[in-house]
Amino acid sequence: MSMASTLTIVRNPIFLTHHYQLNKHFTTPSSLRLLSFAKMEGSEISEEVVEDSRAKRKIFVAGATGSTGKRIVEQLLAKGFSVKAGVRDLDKAKSTLSSANPSLQIVKADVTEGSDKLAEAIGDDSEAVVCATGFRPGWDLLAPWKVDNFGTVNLVEACRKRNVNRFILISSILVNGASMGQLLNPAYIFLNVFGLTLVAKLQAENYIRKSGINYTIIRPGGLRNDPPTGNVVMEPEDTLYEGSISRDQVAEVAVEALAYPEASFKVVEIVSRPDAAKRSYHDLFGSIRQR
């Protein structure tokens with residue numbers, strides 16, 4: 001007796017509940033086995049495990065040793081992704097990141113050194129780029145433009161050269177404060193003291209939006225290093241002018257943006273509030289309209 005039909009057996013039910021959107025819309029982490037196929041010939045059953053051919057793709061994270069960047073790296077690794085961490089200081093990276101993790105590759109990448117070197121660092125095995133760079137406050141008033149403007153533009157051009165079509169940018173609320181009537185907002189004034197930081201970020205955002213690359217621009221409120229104390233509130237661009245959020249939640253939003261098509265070609269502003277209802281990221285990103 002023989003049966004020509006093929007039985008499809010789900011080997012990992014957890015994958016269906018937690019990673020369905022990820023598998024449907026993005027690369028599946030290599031640690032997950034998707035389906036097992038069995039053929040019945042008489043009394044024998046032969047089984048073949050099939051793994052996703054895209055499983056070894058990587059996410060490139062620029063600014064990977066920064067306070068937010070390292071959290072993004074950690075959360076990507078925790079979800080089973082391979083990560084290529086772009087850093088300026090390799091020695092610092094080895095002490096900051098889990099360099100022993102086989103899914104983590106640390107590479108030299110300085111966004112101020114031009115798109116050609118960045119394209120080499122990104123390589124041909126990166127599926128998306130997350131930009132979590134930020135200048136170091138100091139007396140160099142051009143630093144925000146070198147990093148937050150020209151550096152981000154260099155990263156976008158490097159993506160073009162490598163045909164990478166997914167870009168996540170960590171920006172800031174109030175970047176467009178002038179148009180929001182927030183010129184006298186203390187936060188807007190303070191953040192622009194160091195070389196018009198918010199203006200530099202806004203110009204970089206505009207460049208990304210005109211690039212044609214599939215982007216998600218995330219504008220968090222004031223960044224806190226402590227663990228989350230509330231739920232994420234997500235609003236459209238040029239809405240929030242106050243509030244704060246844990247860096248852990250900013251990293252989470254960046255990672256989740258990779259999984260949901262609802263996050264594509266959108267600018268979102270985020271803070272956390274203890275009294276906010278907990279919502280799925282499908283709902284949060286889906287509630288934001290494209291402009």
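Predicted model: local features only at pLDDT ≥ 70, side-chain atom pairs only at ≥ 80, totals over all residues.
Colouring by accessibility separates the two partners: glutamate 237 counts as buried at 8% relative accessibility, while arginine 209, with a relative accessible area of 26%, is partly exposed.

For one of them, go to helix α5 (residues 143-161), where glutamate 157 and arginine 160 lie three residues apart, about one turn of the helix. Their side chains meet in a salt bridge at 2.9 Å, N to O. Glutamate 157 is partly exposed, with a relative accessible area of 22%, and arginine 160 also counts as partly exposed, at 40% relative accessibility. For the other, select lysine 117 and glutamate 113, which form a salt bridge whose closest N and O atoms are 3.8 Å apart; here glutamate 113 is partly exposed, its relative accessible area being 40%.

Now turn to the rings. How many aromatic pairs does a search of the whole structure find? It finds three. In one of these, tyrosine 215 and phenylalanine 265 are arranged edge-to-face, with 5.6 Å from centre to centre and 85 degrees between the planes. This pair, too, links distant parts of the chain, 50 residues apart: tyrosine 215 is in strand β9 (residues 214-220), and phenylalanine 265 is in the loop between α8 (247-257) and β13 (266-273). Tyrosine 215 counts as buried at 5% relative accessibility, whereas phenylalanine 265, at 34%, counts as partly exposed.

Move on to tyrosine 281 and phenylalanine 285, a tilted aromatic pair with 6.1 Å between centres and 35 degrees between the planes. These two residues are separated by about one helical turn because they lie four residues apart in helix α9 (residues 281-286). Both tyrosine 281 and phenylalanine 285 are buried.

Finish at the surface by selecting Leu183, Leu184, Ile189 and Val193, which form a nonpolar patch with about 430 Å² of accessible area together. Within this group, isoleucine 189 is found in helix α6 (residues 186-193) and is partly exposed, with a relative accessible area of 43%.

Terms used
Residues numbered from 1 in each chain as written. Heavy atoms only, no water. Patch = residues over 30% accessible without salt bridge, like charges linked within 9 Å, V, L, I, M, F, W, Y side chains within 5 Å. Areas by Shrake-Rupley, 256 points an atom, 1.4 Å probe, with all protein chains shown as cover. Salt bridge = Lys/Arg side-chain N within 4 Å of Asp/Glu carboxyl O. Buried < 20%, exposed > 50% of the residue type's maximum accessible area, 1.4 Å probe, protein only. Phe/Tyr/Trp six-rings, centres within 6.5 Å; stacked < 30°, edge-to-face > 60°.
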